[in-house]
Amino acid sequence: MVKYKPMLLYVLFGGLTTLVNIVVYWLCYEFFCIANIPSNCAAWIASVVFAFFTNKFFVFESHDSSCLVMVREFALFMAARLATGALDVLIMYVFVDILSLNPLVFKVLANIMVIVLNFVFSKLFVFAAGKN
């Protein structure tokens, strides 16, 4: 169980991150009557910030909270998320828009790749130095 703890916590907090994304989107769009795209952007930002802190402290147990380490980890975390987000867009563009293949199949495959890469990037690059 100890061997799989980070992966299990990653899945748990990934589900909670998804919930944060949906709730923030709903609040912005339905409750505060903010347009769709700004609501979606606010939801993405809130969920990435939530994911950063849960991944840092609970999943990868990086407890160094010095300003320099926090800024470094957050910058790497954001860079990784932006890179995997771009990969998701590229996969969808190539396989759906150019090759006209099944969008649902490639969305699922792209998401699997993104989830795995986000875990690997976080474990090996983002939070590796801040572990005590």
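Serine 100 is found in the loop between H3 and H4, where helices (H or I, at least four residues) and strands (E, at least two) are DSSP runs, numbered from the N terminus. This is a predicted model, in which local features need pLDDT of at least 70 and side-chain atom pairs count only at pLDDT 80 or more, while totals for chains, interfaces and linings use all residues. Residues are numbered from 1 along each chain as its sequence is written, and side-chain values use heavy atoms, with hydrogens and water left out.

**Exercise 1. The chain as a whole**

Find how many helices and strands the protein chain has, and in what order its elements run.

Solution. Start with the count: the protein chain holds four helices and zero strands. Next, read from the N terminus; the order of the elements is α-α-α-α. Then take the extent: the C-alpha trace of the protein chain spans about 45 × 35 × 30 Å along its principal axes. Last, take burial: the protein chain has 132 residues, and 30% of them count as buried (under 20% relative accessible area; exposed is over 50%, partly exposed in between, with a 1.4 Å probe and protein chains only).

**Exercise 2. Helix pairs**

Classify the packing of H1 with H2, H2 with H3, and H3 with H4.

Solution. Two packed helices are described by the angle between their axes and the distance between the axes. The axes are lines fitted to C-alpha atoms, for helices over the stretch in contact, and angles run from 0 to 180 degrees between N-to-C directions. Angles under 35 degrees count as roughly parallel, over 145 as roughly antiparallel, 65 to 115 as roughly perpendicular and the rest as oblique.

Step one is H1 with H2. Their axes come within 8 Å and cross at roughly 155 degrees. H1 and H2 are therefore roughly antiparallel to each other. In their contact there are 18 nonpolar residues, eight polar and no charged (nonpolar: Ala, Val, Leu, Ile, Met, Phe, Trp, Tyr, Cys and Pro; charged: Asp, Glu, Lys and Arg; polar: the others, Gly among them).

Step two is H2 with H3. Here the axes cross at roughly 125 degrees and come within 11 Å. H2 and H3 are therefore oblique to each other.

Step three is H3 (residues 67-98) with H4 (residues 103-126), which pack at an angle of about 160 degrees with their axes 9 Å apart. That makes H3 roughly antiparallel to H4. The contact of H3 with H4 has 17 nonpolar residues, three polar and five charged.

**Exercise 3. The lining of the largest pocket**

Describe which residues and elements line the largest pocket.

Solution. First, count the lining: 21 residues line the largest pocket, and Thr17, Trp44, Arg81, Val114 and Asn118 lie nearest its centre. (On a 1 Å grid over the protein atoms alone, a pocket is an open set of points where a 1.4 Å probe fits, with protein on both sides within 12 Å along at least five of seven lines; lining residues have an atom within 4 Å of a point.) Second, name the elements: H1, H2, H3 and H4 are those that give two or more residues to the lining. H1 gives the most, with eight residues. Third, sort the lining by class: 11 residues are polar, eight nonpolar and two charged.
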